[in-house]
Amino acid sequence: MGDRQEEGIQVLLNVYDVTSTPGDPKSTTVRLNRITRELGLGGVFHGAIQLATPAQLGSSEPVEFSFGWCERGTGVYAVRACQNPMYQYRETICLGSTPKTLEEVRAIIQDAKAAWPGSSYDLLLRNCCHFCEQLAGQLEVGPVPGWLNRFAVGAAATVSMTQETVKTVQEIGQELG
């Protein structure tokens, strides 16, 4: 494979507020996220991974990779870093430098495009934050902060517990006849 860079490729996590009114710092979601983020409770966030080597990746400007729903094809997409028009940019967190070569990084992104079809998107179980967690792991950099996906994970656990409770109550009802 290619030569390893002395400093490696820096990996950044770009965090956005999910809001119906991007650009409005007074939106309810942005204000709620500001509070819950500071408390480490999570919030309603969109995440994307930026590789701080635009020229090496064949781009004139920095790009970030994320995951979203689409009917056909890959859900992995790239946009200009910190400028996703569907969300309101919040902050960038450095996850460290990957020990992977540029060729390995390109292969990881190509593999992700195949492994993350848009039709597999699930708001609670397989979203952009899950994608960022997995990509950061494959790039062997620091983990994304737990608060990024805490809301979805908690909601998924609540849904699962509710479904199990309903199922158990139905089974008991059938047994009692």
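A polar contact is a pair of N or O atoms within 3.5 Å, where, within protein, one atom must be able to donate a hydrogen and the other to accept it. In this predicted model, the side chains of His-46 and Ser-66 form such a contact, at 3.3 Å. His-46 belongs to strand 2. Because its relative accessible area is 0%, below the 20% limit, His-46 counts as buried. Beyond four places in sequence, the neighbours that His-46 touches include Asn-14, Val-15 and Tyr-16, as well as Phe-67, Tyr-77 and Cys-128.

The protein chain has a mean pLDDT of 82, with 67% of its residues at 70 or more. Where pLDDT is low, the predicted coordinates should not be read in detail.

Five strands form an open sheet in the order 4-3-2-1-5, and their pairing is antiparallel. Strand 4 (76–80) and strand 5 are the edge strands; each has a single partner strand, so one side of each lacks a neighbour in the sheet. On average, and with direction ignored, neighbouring strands are turned by 30° against each other. Five bridges join strand 3 and strand 4 in the antiparallel sense, and Phe-67 stands opposite Val-76 of strand 4. Helix 3 packs on this sheet and touches strand 1, strand 2, strand 3, strand 4 and strand 5, while its direction makes about 30° with that of strand 2.

Which residues of helix 3 are buried? They are Cys-128, Cys-129, His-130, Phe-131, Cys-132, Leu-135 and Ala-136. These buried residues pack against strand 1, strand 2, strand 3, strand 4 and strand 5, and also against helix 2. At the N-terminal end, helix 3 is capped by Asn-127, which has a side-chain oxygen 2.7 Å from the backbone nitrogen of Cys-129. Helix 3 is followed by Glu-140, with a positive phi near 60°.

The nonpolar interior connects these elements. In soluble globular proteins, nonpolar side chains tend to be buried together. Here the largest nonpolar core has 30 residues, and those with the most contacts inside it are Leu-13, Ile-49, Leu-51, Leu-95, Phe-131, Leu-139 and Leu-148. At least two residues of this core come from each of strand 1 (9–17), strand 2 (45–51), strand 3 (63–67), strand 5 (88–98), helix 2 (102–115) and helix 3 (128–138). Helix 3 supplies the largest share, six residues. Apart from its neighbours within four places in sequence, Leu-95 is in contact with residues including Val-11, Leu-13, Ile-49, Ala-136 and Val-144.

Cys-82, in the loop between strand 4 and strand 5, is not a glycine, yet has a positive phi of about 65°. Its relative accessible area is 27%, so Cys-82 is partly exposed. Glu-140, likewise a residue other than glycine with a positive phi, lies in the loop between helix 3 and helix 4. Glu-140 counts as partly exposed because its relative accessibility is 48%.

Conventions
Residues are numbered from 1 along each chain as its sequence is written. This is a predicted model: local features need pLDDT of at least 70, side-chain atom pairs count only at pLDDT 80 or more; totals for chains, interfaces and linings use all residues. Side-chain values use heavy atoms; hydrogens and water are left out. A nonpolar core is a set of buried Ala, Val, Leu, Ile, Met, Phe, Trp, Tyr and Cys residues joined through side-chain atoms within 4.5 Å. Buried means under 20% relative accessible area, exposed over 50%, partly exposed in between (1.4 Å probe, protein chains only). Helices (H or I, at least four residues) and strands (E, at least two) are DSSP runs, numbered from the N terminus. Contact means heavy atoms within 4.5 Å. pLDDT is the predictor's confidence in each residue, from 0 to 100. Two strands pair if DSSP finds at least two bridges between them. Axes are lines fitted to C-alpha atoms, for helices over the stretch in contact, and angles run from 0 to 180 degrees between N-to-C directions.
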